[in-house]
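Please consult the sequence and structure below while reading.

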Amino acid sequence: MKRRNKIYRYMTAVLLLIYIVLLTILYLSEYAEQEATIRSFGDAFWYSLVTLTTVGYGDLIPVTALGQAVGVVFLLLSAGIMMTLFGAVISFITSEGLPLFLLGFQRNKNWYYFADYGSEANTLAANICKEDADAVIIFGEKKDDQMEFPDYPSLFINVSPARIVACKKGIGSKCRIFLMKENDIGVNTRAIDLHTLPVEVYARTTNGQDHLSGNIRFFHSYDCCARQYWRSKPLCSHENTIVIIGFGNYGRCILERAILTNVISVGQHVAYHIFGDARQFLATHRYLYETFSLGEVSKTMDSLIFHDMFWESQQAVMEQADRIIICPDDEPEGWSIFWQLHKYFKIHGQIHLHSNRKAPGVCYFGTNEEIYTPDQIMRTALNRAAVTINEIFCRSVSYPTKSWENLDDFHRESKISAADHLLMKIRILLKDETITEFTPEIIEQAYQVYCETKKTEAVLEQYRRLDHLRWLRFYTFYNWRYGAARNDGAREHPMLCAYDNLTMEQKRERDAAWELLGSITMEL
């Protein structure tokens, strides 16, 4: 197709040049003759147009021999020129020419470019259109006959991101570019040099951190699923036994988010029973025993119980569970487990099934519609919260701290984790475990409760203990240990100890995460 387009363009240019030369010869050979009717360049153009289109009005005719020779050439070329012009028009319409031309009229709108068209890209694009009335969706590939056309306005243009940026011409907001296939940024040729373009890039990955500086930001679909799960189905105070069946990508991320965010009380003792191969997980997170009871259910702290045997053999665990999360990476396997539980076990708790298929009577999670949303992928609100909490932290301590842009990946993730816990703090303050979304009004209400209750020293102490526990779990998850002096290279920190062993200044540092509620209201 590209080669044929080049041929059309080349032939069009050559014929146009020949045409102009012939018009010039016709005009020069006719205008001085007394009997001539062609006396201007416009007359020559009109005569050529009438001749080439085979209309032949006869109002203008050449009278010189050279002019008549040119007329014969026009007659002979008429069919070829018309075919070429027709082919050029068809090429313009069927190639990228027409879509790019139409795109040029929408430069003031918000452009969203997807390198490929797939189910994930289609879902995110549809959700973007619902939230952004000025969205222009562009898929960087040709639409084939087997593709179902989207329900929202979109353009299929087989061009590179650089070409789209050039077409935008810096007008309006920056383009947003999405690479929706896993680890696509390392293999997709359209990802080359994206860091040099004035765009915001969101690339799907299975490993690596969120980079919230520069123009390339990564998102982890399994982690997005886990975040959405605990946000929409939060841990409740009455739940003490949680079962996770399946410890692949989804199960691992669900447990990770539980470790980092499921802190609702300083006296909680939730037991997580995990069925699946956890050897690599335990080898990576070597110091979880500092904040969890491993292998044994505790009445004073949360427990992580990893089972090597089949989940079917643990009937007592299944029947006493307050919640069972079914999340193997293979979706049909998850459905099989779901039906087995219903068929052979007496379950009193909730069963949550990871499934992209919706079925009545099933409490499912992790559909594309839930995961691939602008808030999940672009994480605008969460990013602002993380940046703000770092600014508050910098103001609240006496020792030197770093601005957001100068933080490394670990310390950025630390602030993001604190922002993740905001919703949990709001539930605690408002004593409402049904809250799954926060609005400026809810945040303000929670902050007012915090300001009133913190006046009581014992309550303020509980708030600080709670966030210190969350902070301890984060650092031990990333293999930090206690050290007399802070040493980032050795992953040692003097605050990795019991709350009662902290200095008063160190205890006050825990206020920053709660004070964020007051600073973030206007931002969100």
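Rings of Phe, Tyr and Trp (its six-membered ring) are taken as a pair if their centres lie within 6.5 Å; planes under 30 degrees apart count as stacked, and those over 60 as edge-to-face. The model is predicted.

**Edge-to-face pair**

- Phe 410 and Tyr 475 pair in an edge-to-face arrangement, with 5.2 Å from centre to centre and 85 degrees between the planes.
- This pair links distant parts of the chain, since Phe 410 belongs to helix H15 (residues 409-420) and Tyr 475 to helix H18 (residues 457-477), 65 residues apart.
- Both Phe 410 and Tyr 475 are buried.

**Stacked pair**

- The ring centres of Tyr 450 and Trp 514 are 5.9 Å apart and their planes are at 10 degrees, so this pair counts as stacked.
- Distant parts of the chain are again linked: Tyr 450 is in helix H17 (residues 440-453) and Trp 514 in helix H20 (residues 511-520), 64 residues apart.
- Tyr 450 counts as buried because its relative accessibility is 0%.
- Trp 514 is likewise buried, with a relative accessible area of 0%.

**Aromatic cluster**

- Ring pairs join Tyr 112, Phe 114, Tyr 117, Phe 139, Phe 156, Phe 178 and Tyr 202 into a cluster.

**Charged side chains over rings**

- Arg 491 lies over the face of Phe 410, at 6.0 Å from the ring centre; Phe 410 is also the ring that pairs edge-to-face with Tyr 475.
- Lys 168 is placed over the face of Trp 111, at 5.3 Å from the ring centre.

**Arg 412 in helix H15**

- Helix H15 also contains Arg 412.
- Arg 412 has a relative accessible area of 3% and is therefore buried, the limit for that class being under 20%.
- The C-alpha atoms of Arg 412 and Val 387 are 8.4 Å apart in space, while the two residues are 25 residues apart in sequence.

**Nonpolar surface patch**

- Phe 45, Trp 46, Leu 49, Val 55 and Tyr 57 make up a nonpolar patch on the surface, and together they have about 490 Å² of accessible area.
- One of these residues, Leu 49, lies in helix H2 (residues 41-52).
- Leu 49 counts as partly exposed because its relative accessibility is 36%, a value to be read against the over 30% relative accessible area required of patch residues.

Definitions and conventions
Residues numbered from 1 in each chain as written. Predicted model: local features only at pLDDT ≥ 70, side-chain atom pairs only at ≥ 80, totals over all residues. Heavy atoms only, no water. Patch = residues over 30% accessible without salt bridge, like charges linked within 9 Å, V, L, I, M, F, W, Y side chains within 5 Å. Areas by Shrake-Rupley, 256 points an atom, 1.4 Å probe, with all protein chains shown as cover. Salt bridge = Lys/Arg side-chain N within 4 Å of Asp/Glu carboxyl O. Helix = DSSP H or I, 4+ residues; strand = E, 2+ residues; numbered from the N terminus. Buried < 20%, exposed > 50% of the residue type's maximum accessible area, 1.4 Å probe, protein only. Lys NZ or Arg CZ within 6 Å of the ring centre and 35° of its normal.
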